[in-house]
Amino acid sequence: MASLIRVQIPITTDQHVLFQRLFALNINLYSVYSSDDYLYFSIKKKDLKAFRKVRKAMKIKVALVDETKKGIISPYSYSFIGVALFFLIPILLAQFIWTIHIESDSPENNILLYEELKAMNIKEKMLTSSLPAEQEIRQKILLKYKEYSWVHFAQSGSTLIVSPMLAPIKTERDIKDAPPVHLIAKRSGVITDFELVKGVRAVQKHVAVKKGDTLVNGFVTQGDKRIITSAEGKVYASYWIELQFELPKKVSIVRPDERELLIQKKGQSNVPYWREIVLPSFLRNYVVAGYVQKNIEETYELSEKSMERLIRPLLFQKIINDLPAGTQILEDKVLQVSIQNDKVKGKVLLLVNENIAIPQVIPQGDEA
């Protein structure tokens, strides 16, 4: 827009006559407003000469301000800027992660997971667009923390919510007085990690194995002599599986709510604490105290649109219970979702990680 001149004239001026004369000379007016004493408007700098003729003819007292030189912004401009900021500030703030909320089983694990996220450069005041892919974060957490089977991520406004799911506890088999064994693969997969008590690796990490392949030898070799030691431990591998699922259309979800302080008589405490408080020694013989996690139950009706927010967490909770104990879900691809007869049905492709090692007794002929 051309340079503007702001005009100030007394409010008592005959505005009807003034505007008629200005329009007759093709002088356009901008930002017209008034106060109790004055009328304000702006004209283009090129129309200033014609305006002066009208001013002299009507004998109007005028104050002129070159807006480009003085840097004056009209009140209307301030209003526009205020409205723009009102809409822009929330949009800009929403581009950042301001809070990271971790819903784990204990305060200690909250701290460990928070530090793990920081190691991945995931922290407060970071751009949402800079967050790594969910699958990448999930795989790094699950491969390090075997006690979790799956990690759900959700974003509520500027808060990132991280909800790890504990893996079902696997009962360890008593192997005392058992015959010496190798560890072999119970199914095909790609080796990701070893947790060995004894034995010698027969394969390396990132190698694909087939069902029945030897993973850990139960002997060591010294020259020409083979010494039987047996093998013990876990060998983790990843593999893809395709599963069908079926969920009721209406579901009730129990989610964590606020935490409350609870004091109970010692020896009569039936409610487990989320975090126990260390009391002074003179009280410990009588009472125990701590914070308990309150849960609330909410009922939802599932739809294809609620896949990310509701169906996936429910689905994986159901799947984990059907998979072998200790299994972790590293990646998922929902292949199909449909609603039939008040049921949500579909197919999902999962990349899972679990201990695939099972013992195989070393034949007596192999012992030396």
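This is a predicted model: local features need pLDDT of at least 70, side-chain atom pairs count only at pLDDT 80 or more; totals for chains, interfaces and linings use all residues.
Residues are numbered from 1 along each chain as its sequence is written, and side-chain values use heavy atoms, with hydrogens and water left out.

Let's start with α5, residues 107-119. Helices (H or I, at least four residues) and strands (E, at least two) are DSSP runs, numbered from the N terminus. The 13 residues of α5 should span 18 Å at 1.5 Å a residue, and the end C-alpha atoms are 19 Å apart, which agrees; the expected span is 1.5 Å times one less than the number of residues. Following α5 comes asparagine 121, with a positive phi near 65 degrees.

Which residues of α5 are buried? They are Pro107, Asn109, Asn110, Leu113, Glu116 and Leu117. Buried means under 20% relative accessible area, exposed over 50%, and partly exposed in between (1.4 Å probe, protein chains only). The cover over these residues includes β6, α6, β8, β9 and β19.

β6 pairs with β9 in the parallel sense over 4 bridges (pairing takes at least two DSSP bridges), and isoleucine 100 sits opposite leucine 160 of β9.

Finally, find aspartate 332 in strand β21. Aspartate 332 counts as buried because its relative accessibility is 9%. Leaving aside residues up to four places away in sequence, aspartate 332 touches Gln135, Arg138, Arg312, Phe316, Val348, Leu349 and Leu350, where contact means heavy atoms within 4.5 Å.
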